[in-house]
Amino acid sequence: METVTITMKNAPALYLEADNVSPDAFAGKKAAQIAELSVHEGNTTSTLGKYFDVSGDAGATAADTKVVVRGDVKKVKYLGFKMTAGELVIEGTADQYVGAWMKGGKILAKGDIGAFAATAMKGGELTVEGNAGNYLGAAYRGDWRGMSGGKILVKGNAGSDIGMYMLGGEIIVNGNADVHVMTHAEGGKTIIKGNAASKLGGQMVEGTIFVFGSIEVMMPGFKPNGEVELEVDGTKAKFAHFIGDMGERHKKKKGVVVYGNLYKKI
Amino acid sequence: MSEYIIKNGHVFDPVQGIKGDKKDIAIKDGKIVDKVGSGAKVIDAKDKTVMAGAVEIHAHIAGPKVNLGRIYRPEDKLFSCTPTKGMERMGGGASIPTTFKTGYEYAKMGYTTAMEAAMPPLFARHVHEEIRDTPIIDEAAFPVFGNNWFVLEYLKNQEIENTAAYIAWLLRVTKGYAVKVVNPGGTEAWGWGLNCLSVNDPVPYFDITPAEIVSGLIDANEYLGLPHSMHIHPNNLGNPGCYETTLDTLKLAEGKKAKNKFGRESVMHLTHSQFHSYGGTNWGDFESKAKEVTDYVNKNKNITIDTGNVTLDETTTMTADGPFEHHLTGLNHLKWANVDVELETAAGVVPYIYSPNISVCAIQWAIGLEIPLMMKDPMRCYITTDHPNAGPFTRYPRVFKWLMSAKARETQINAFKHKDKVLSQTSIGTLDREISLYELAQMTRAGPAKCLGLGAMCGGLAPGMDADVAVYNFNPDKPVADPEDIEKAFSRCAAVFKSGVQVVSNGDIVSNGNKRTLWVNAKVKDNPQVMRDISEKFIKYYSMTQNNYEALGHHFVPNPYALEVDAT
């Protein structure tokens, strides 16, 4: 695997849309060609090389390419946009849309990431060592197709509206999550190892939420359904089981109505 | 104005009966002429196809429900935005493009005239503001009449003359073009939580049937002698078995004759016939009844139809058939918007994905192609996608490919997940007809223009007609190696002229042309009763005053072109 390292040298005055920073866009290119890829600052299109030093040539394919992003990228959006293979390491804190529409490969964000990360993600892995913003693994504005595959691990806290319209895949938050979890979801799984705020599973059709800590306010649309012993991500424990959202439509599978599940560790 | 001569192209013009002969087309002062001077600018059309500008007879491209779709579907613009380029302003949207993108996309495909198929009269001002902001193409809008309280009350008492006077007034104040009917009576019934699924279901309160509304509106249309016929989206759209309602609706035109000075011969235009040609009793035994519907239309010369081809895309459905959209959101569970337009109509909007992996969608695709392949007279069957309902209008080149190439249809059939079901529920697999370029010109130019009463103005290349001309990178002398070449050629014109101004060159927009709004100014005898009824309804029921109703002046209709009708 070949490694391309891009290091911020001229920080943008406005937010920078760097939708070409991915193993896919870099694949098969020499450092000089990568520096010529387009980025957008406000309404101005310029080159990646204007903002970043580029060193190293990419591999022949995305799978053979590792991209390392160094320096202050707090104002850089769309890192890992639509990536399908390979690796992306972001050493600092990045802005919105990290790994948005990604289908494969691995992203490691060593700092925090902004909102809308992994929007409509279909596959691959996103690991965040810091905190994630709002709308992690959610659907794009207006769309009904959120994250449908892959795995997200947030070692810190996550913001609000994570897993909105989620269809599949898995989100694990080691810390706390803010309001609205898996709203409108029709599949997938979210594990919150810390505390959750309120409005978990609002209008949820299908899917599963686990909460290890406390839930500030329960949704009135979830109904107690007994207690169960489960092993969740390596932790064996007893969970209170709730089904819902009772106000939403639910499909029948083999004659049995399928609800959304909410498990709270006892 | 400049003079042009389009030299050595293969010309297809049904108006003059020209079937691909090499011919020069001369343009002067916005019109087609016999000859031009030696200083005329030469456009080399050698090995290219030359046709008149195409005429869109039914699309939803301007107005409140289109805009509602744009507002509540930001995801439609997600990866479909185009930046400013040369003459072109930025645009966006795949199934509900912005006004500017709408004008550019039509022009690039060689379309120069388009009809907005459903204008809520109350929001005529909004419709005209969007038409004004859609560059290049001439446009007109059809106000909806099939659920209008005035119409329901007058036709309940068989008052054709009063209905006609009301239509003439409404066309004038809304700058409208034709009488559009959507789910007659059913949309009004929707206000009561009901629907009219057959032509004999009574409309609540008004106690009139869809059959009486349709028959009365045809009579009023011919009393006035309007350029276009009554244009109908019948009851029971989109349901298995709906073809029987369609045939009942078509039979209402029996014995009725067109009376007008525009050369139109039909009295009823059945729109998006694909959605109205379904058999079966549920989605499991859903099947095509394209043969039954086209057999009837083939025999009855006073009826014209358009297709409503499903293009197998993700799109946005929108119609004044409010109850249907509610039904649809119950089927696909996607977001639903509904609007009531006081006294007049309603509308609903729901996104829809026509997936090639769903058997119903694949059968709908087949029915949309069976209809034009089964119609004997291409002058009475026009290509539409009921944009955006069955697919975006930008897919016309793909529909042309499927119609012109049996091989392209076969490729698509083989790609369906439920291929066997498509073949057993339709007869698409047995149809080997391939639409010729001449027939395509009939179905997209001369035919719709004649049906709209615009046959003397556009849709052909005879001297004296408007110089709307499209030149395609398509050599009819060469066998088509790959059907994809058809789609490619019809997607981007080599050159397009609109009223004698070159608007497209090598697929790029080079001018915003001189866009016009077409409308019909129908004069009737003074009718104090209808005028009194109108002012009374405004005082009693409307939430706005009559003074604020009219779409008047330069702001709304900066470049009007009125077709004059005298029914006094």
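Biologist: Where is the place of T209(B)?

Modeller: T209(B) is in the loop between α6 (186–190) and α7 of chain B. Helices (H or I, at least four residues) and strands (E, at least two) are DSSP runs, numbered from the N terminus. This is a predicted model: local features need pLDDT of at least 70, side-chain atom pairs count only at pLDDT 80 or more, and totals for chains, interfaces and linings use all residues. Residues are numbered from 1 along each chain as its sequence is written, chains are lettered from A and ligands numbered from 1 in the order in which they are written, and side-chain values use heavy atoms, with hydrogens and water left out.

Biologist: Is T209(B) buried or exposed?

Modeller: T209(B) is buried, at a relative accessible area of 16%. Buried means under 20%, exposed over 50%, partly exposed in between (1.4 Å probe, protein chains only).

Biologist: What is T209(B) in contact with?

Modeller: V199(B), N200(B), D201(B) and P202(B), leaving aside neighbours within four places in sequence. Contact means heavy atoms within 4.5 Å.

Biologist: On to α7(B). At what angle do α4(B) and α7(B) cross?

Modeller: Roughly 90°, and their axes come within 10 Å. Axes are lines fitted to C-alpha atoms, for helices over the stretch in contact, and angles run from 0 to 180 degrees between N-to-C directions. So α4(B) is roughly perpendicular to α7(B). Angles under 35 degrees count as roughly parallel, over 145 as roughly antiparallel, 65 to 115 as roughly perpendicular and the rest as oblique.

Biologist: Which residues make that contact?

Modeller: α4(B) brings V151(B), L152(B) and L155(B). From α7(B) come E212(B), I213(B), G216(B) and L217(B).

Biologist: And where do α4(B) and α17(B) stand, at what angle?

Modeller: Helix α4 (residues 149–156) and helix α17 (residues 528–540) of chain B cross at roughly 135°, with axes that come within 12 Å. That makes α4(B) oblique to α17(B).

Biologist: New topic. What is the strand order in the open sheet of chain B?

Modeller: β15-β17-β16, three strands with antiparallel pairing. Two strands pair if DSSP finds at least two bridges between them.

Biologist: Which strands stand at the edges?

Modeller: β15 (314–319) and β16 (337–341) of chain B. Each has a single partner strand, so one side of each lacks a neighbour in the sheet.

Biologist: How many bridges join β16(B) to β17(B)?

Modeller: Five. For example, D340(B) has A346(B) of β17(B) as its bridge partner.

Biologist: Which helix packs on the sheet?

Modeller: Helix α10 (residues 322–332) of chain B, touching β15, β16 and β17. Its direction makes about 25° with that of β17(B).
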